[in-house]
Amino acid sequence: MHTQHSPAHAETPSPTRIRISWPAAHVTATLDDTPTTQALAKALPLSSTAHTWGEEVYFDTGVAVSRETAARQVVEPGTVAFWTDGDALALPYGPTPISRGDECRLASPCNVLGILDGDPRLLATVRNGDPIRVELVHE
């Protein structure tokens, strides 16, 4: 059974927070409680190699999950998305090569995990080939 959870439901456990680091900077993100988030959290910490595609950073996670019913191809800048076709986290901060106008259009529908905390434009400092690390943030 699929139900929509409104933000008013606060009895869920504290949200999953992650830190994504690369040589020039780091960002944190708050993730929703989804099957993909749970699978990713179990795989952390992980190290990978960053790739850039227009104004998107993506990298392999080694985590394989199914596409969720709420998967979307066009998302807001700063969305933390999981690209099921590539077992990768996709972090768009602006237009990609297939965007129409200023939208963030992903390569294919992705599972939406959450949102970056702060300015997603910080991702512009990621260079193709940079080492990237993802870890859980423990409050």
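# Close-ups of the predicted model

**View 1. One aromatic pair turns up when the whole structure is searched.** Y58 and W83 make up that pair, sitting edge-to-face with 6.0 Å between centres and 80° between planes. For the terms: rings of Phe, Tyr and Trp (the six-membered ring of Trp) pair if their centres lie within 6.5 Å, and planes under 30 degrees apart are stacked, over 60 edge-to-face, the rest tilted. Y58 belongs to strand 5 (residues 56-60) and W83 to strand 7 (residues 79-83), so the pair links distant parts of the chain, 25 residues apart. Helices (H or I, at least four residues) and strands (E, at least two) are DSSP runs, numbered from the N terminus. Y58 is partly exposed at 23% relative accessibility, and W83 is partly exposed with a relative accessible area of 23%. Here buried means under 20% relative accessible area, exposed over 50%, and partly exposed in between (1.4 Å probe, protein chains only).

*A note for all the views.* The model is predicted, so local features need pLDDT of at least 70 and side-chain atom pairs count only at pLDDT 80 or more, while totals for chains, interfaces and linings use all residues. Residues are numbered from 1 along each chain as its sequence is written, and side-chain values use heavy atoms, with hydrogens and water left out.

**View 2. S99 sits in the loop between strand 8 (88-92) and strand 9 (104-117).** S99 is buried, with a relative accessible area of 16%. Its side chain makes polar contacts, meaning pairs of N or O atoms within 3.5 Å; within protein, one must be able to donate a hydrogen and the other to accept it, and residues adjacent in sequence count only if both atoms are side-chain atoms. The S99 side chain reaches the backbone oxygen of E103 at 2.7 Å, and a polar atom of that side chain lies 3.3 Å from the backbone nitrogen of R105. Setting aside residues up to four places away in sequence, S99 touches C104 and R105, where contact means heavy atoms within 4.5 Å. R105 is buried too, with a relative accessible area of 13%, and the side chains of R105 and E103 meet in a salt bridge (2.6 Å, N to O).

**View 3. The structure has five salt bridges, and here is the one between D117 and R17.** A salt bridge is a side-chain nitrogen of Lys or Arg within 4 Å of a carboxyl oxygen of Asp or Glu. For D117 and R17, the closest N and O atoms are 2.9 Å apart. D117 is in strand 9 and R17 in strand 1 (residues 16-22), so the pair ties together parts that are 100 residues apart in sequence. D117 is partly exposed at 27% relative accessibility, and R17 is partly exposed at 23%. Among the other bridges is R133 with E135, whose closest N and O atoms are 3.4 Å apart.

**View 4. The largest nonpolar core has 26 residues.** A nonpolar core is a set of buried Ala, Val, Leu, Ile, Met, Phe, Trp, Tyr and Cys residues joined through side-chain atoms within 4.5 Å. The residues with the most contacts inside this core are I20, W22, L40, V57, F59, V80 and L123. Strand 2 (25-31) is among the strands that supply at least two residues each, and its four residues are the largest share. Leaving aside neighbours within four places in sequence, F59 is in contact with residues including I20, L46, D87, L91 and V134. A second, separate core of six residues includes V75, A81, C104 and L106.

**View 5. Helix 1 has T36, T37 and L40 as its buried residues.** Looking down the axis of helix 1, those residues fall within an arc of 100°, so they line one face of the helix. The arc is that of the directions from the helix axis to the C-beta atoms. The face turned away from the buried side carries the exposed residues P35 and K42. What covers the buried residues includes strand 1, strand 2 and strand 9.

View 6. Most residues other than glycine have a negative phi, and most peptide bonds are trans. D87 is partly exposed, with a relative accessible area of 25%.
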